[in-house]
Amino acid sequence: MLTRTIALLLAPLVAATVLPAPVTAQSGPLRITISEGVIEPLPFAVPMFQAETGGAEQIAADITRVVAQDLTGTGLFREIPASSFISTPASFASPVAYPDWRAINAQALITGAVAVNGNQLTVKFRLFDVFTGAELGEGLQFAGTTGGWRRMGHKVADAVYSRITGESGYFDSRVVFVAESGPKDNRARRLGIMDYDGENRQFLTDSNSLVLAPRFSPNGDRVLYTSYESGFPRISLLDVASVGRRQITTVEGEMAFSPRFSKDGSAVIYSVSTGGNTDIYRTDLGSGSHSRLTSAPSIETSPSLSPDGSRIVFESDRSGTQQLYVMSASGGEPQRISFGEGRYGSPVWSPRGDLIAFTKQNAGRFHIGVMRTDGSEERLLTSSFLDESPTWAPNGRVLMFTRETQGASGGPQIYSVDISGRNLKQVPTGGFASDPSWGPLQQ
């Protein structure tokens, strides 16, 4: 039996409008350029958002904390504590006392206001470059319901992040994963979904059958995963809104697994194992027609499409060891791209199209790494007893992955790291968790 309903799974919709600016909006010099070098976090101040209606005080405080936590969690920003403030805005429309903020070395100032009318919530904010004394971009206003207050905080943080880094944010996004419980030799597994920061966790399936490797659709409305409900691995499709499920009809074989959506979500690429041989296939979800993409006496699995849909990266042991290959999305002769020591697996194409993330096993250690799409500039970002299953943030700047700990009491947890190898941290999931799949920014 499914454990949650649409009312619990879907956050309220949030609409955004542009606020009239009291001064001419400018693009000042305030900017973080993201590189692989060591970055000194940019100091910012975010006074508690103004409560413009009675009863809005707690939500205003909560949204302010979400904005601050999102930004500091990137490792690119450093929050100046409220105890250091010389003054705070009397209202959202009050002029900014720039000298007071310069005195505490704030480079960016975020101000906001919150209004509550019944279950309707309005949040507005502005971003200021303290040293130039100018507003950075135009103010924005988000409208929704009180139940969606966390999303509004994430949307504010996304806008601030984007204006300062010049890149899209990733805070207003969700992650589907496998929640695990029970003893190590008999774990129960069910699909879960959560905000990128581990909040708002819900379950999409029960734990009556084994589930593995969930994968979000391009627009985040559906999830593919491998299920053992029939006793053998088969590919299932779950609608996130209705929590309805159906099994995908794949080509005949002993096992079907490692599914991913095509670029437009109309087809599925996956692996099928028959008679000890494993190849990659494509199935059109509308017509049910199948296409065989590889044909070799070896194991081909873990396919991942490039963002433009033209190429597929996958893992294969056709060279004698587990390595990464790239081929046309329609099949054809693949090109090997991994040549370092050790074995490579679980490749995932970056949404930016510039990098491929992978798992590497070498000298008794597991690593999460990235390389260019031609295999050059390989960089290992992590190292542990067992790191696997990388997945990309919507903006291609951060990876989540599974890290397993040793011992009888050990288990999997979800971690994140940026593509420079900095800011490694655990994502709170309320228990053991594995196989994350990062969805797109919510609409």
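Reply: Happy to. Four strands make up an open sheet, ordered β20-β21-β22-β23, with antiparallel pairing. At its edges stand β20 (300-305) and β23 (331-336); each has a single partner strand, so one side of each is left without a neighbour in the sheet. From one strand to the next, the twist averages 30°. Do bear in mind that this is a predicted model.

Now to the rings. The structure holds 13 aromatic pairs. One of them is Tyr170 with Phe171, a tilted pair at 4.7 Å centre to centre and 45° between the planes. Both of these residues are buried. Tyr170 also pairs with Tyr196: the ring centres are 5.8 Å apart and the planes stand at 85°, which is over the 60 degrees that counts as edge-to-face. This pair links distant parts of the chain, 26 residues apart, with Tyr170 in the loop between α4 (149-165) and β9 (173-181) and Tyr196 in the loop between β10 (188-195) and β11 (202-203). Tyr196 is buried, as is Tyr170. Ring pairs join Tyr170, Phe171 and Tyr196 with Tyr161 and Trp438 in a cluster.

Charges meet rings too. Arg318 has its charged end over the ring of Tyr325, 5.6 Å from the ring's centre, while Arg403 lies over the face of Tyr415 at 5.1 Å from the ring centre.

Methods:
Residues are numbered from 1 along each chain as its sequence is written. This is a predicted model: local features need pLDDT of at least 70, side-chain atom pairs count only at pLDDT 80 or more; totals for chains, interfaces and linings use all residues. Side-chain values use heavy atoms; hydrogens and water are left out. Two strands pair if DSSP finds at least two bridges between them. Helices (H or I, at least four residues) and strands (E, at least two) are DSSP runs, numbered from the N terminus. Axes are lines fitted to C-alpha atoms, for helices over the stretch in contact, and angles run from 0 to 180 degrees between N-to-C directions. Rings of Phe, Tyr and Trp (its six-membered ring) pair if their centres lie within 6.5 Å; planes under 30 degrees apart count as stacked, over 60 as edge-to-face and the rest as tilted. Buried means under 20% relative accessible area, exposed over 50%, partly exposed in between (1.4 Å probe, protein chains only). A charge sits over a ring if NZ of Lys or CZ of Arg is within 6 Å of the ring centre and within 35 degrees of the ring normal.
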